[in-house]
Amino acid sequence: AAQLGVILRCAVCLWAYTKSHIEVHALVLARDGGELSALVSAASVALSDAAIEMHDIVAAGSVALVATPTESNDARLSPDAPMRALVDPTEAEMRHAQAVVHVGILASSRAIAYSQLQGRVAPRTLLEAVDCAVDAASATGSMLRAHLARRERAAFDKSRELQDRQNRRSFSET
C-alpha cells in the first residue's frame, strides 16, 4: 500500500488538491506475482476515471533475475552469476530469483517514478533489468492510454448523440 501511494503521488497534480485527501482502495483477489504492477495500473485508471488531474498515467513492470544453470551449484549466491530476466514473474519465480526489480513509470515520458530492488546483483545486470522492467511498464502504459482514449472517444460520441437527439426534438417542436 505504501509503495502504491509513492508511485501515484508522482503522477497526481498535487498542487490542484492542496486541501483534499485522495484515497485509493484496492482488493487483491489472487496472489501469484505481479500484484504491484496490476495495482498501479488499476489505480491509475481509477484516478483517471475519477477525473483526478494527473501529469500522466502510471504503469509498472517487474523483472525477476534468475541465475542461469552453471557447473557450480553456488552460482545463485553470487551477484555476478549470469542471469536470465523473467518479465512479470509469478510468485514462485520471485521466490527463486536472485533479485527482483519493480519499476513504476510515467507512461508518456518513461520517467521512472518508483524503483525497488530486492536482492543483490551486479550493477550492469541491474541496469539491464531496470531497462527491461521499464520496457514492460511502457508496453502496459501504451495499452492503458489506448484504452482510456477509446473510452473517452466513446463518451464523446455518446454525448454528441444525446445532443443531436435533443436538437432534433427542439427542432421538431418548433
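Student: Which residues of α1 are exposed on the other side?
Tutor: A2 and R9 are exposed there; exposed means over 50% relative accessible area, buried under 20%, and partly exposed in between, with a 1.4 Å probe and protein chains only. This is a predicted model, where local features need pLDDT of at least 70, side-chain atom pairs count only at pLDDT 80 or more, and totals for chains, interfaces and linings use all residues. Residues are numbered from 1 along each chain as its sequence is written, and side-chain values use heavy atoms, leaving out hydrogens and water.

Student: And which ones are buried in α1?
Tutor: L4, I7 and L8, within a helix that covers residues 2-9. They span an arc of only 95 degrees around the axis, so they sit on the same side of α1. The arc is taken from the directions from the helix axis to the C-beta atoms. Helices (H or I, at least four residues) and strands (E, at least two) are DSSP runs numbered from the N terminus.

Student: What do the buried residues of α1 pack against?
Tutor: Their partners are α2 (35-49), β1 (58-67) and β4 (111-119). Contact here means heavy atoms within 4.5 Å.

Student: Take β1, then. How many of its residues are buried?
Tutor: 10 of the 10, so β1 is largely enclosed by the rest of the structure. V58, A60, S62, A64 and V66 point one way, while A59, G61, V63, L65 and A67 point the other way.

Student: Which strands is β1 joined to by bridges?
Tutor: β3 (residues 99-106) is joined to β1 by 8 bridges, and the two run antiparallel. β2 (residues 83-87) is joined to β1 by 5 bridges, also antiparallel. Two strands pair if DSSP finds at least two bridges between them.

Student: New topic: where is S138, and what is it in contact with?
Tutor: S138 is in helix α4 (residues 123-173). Its relative accessibility is 11%, so S138 counts as buried. Setting aside neighbours within four places in sequence, S138 is in contact with I105 and R110.

Student: Where does R110 lie, and is it buried or partly exposed?
Tutor: R110 lies in the loop between β3 and β4. R110 is partly exposed, at a relative accessible area of 37%. R110 also has a positive phi of about 60 degrees, although it is not a glycine.

Student: What about the phi of D88?
Tutor: D88 has a positive phi of about 50 degrees and is not a glycine. D88 is in the loop between β2 and α3 (91-95).
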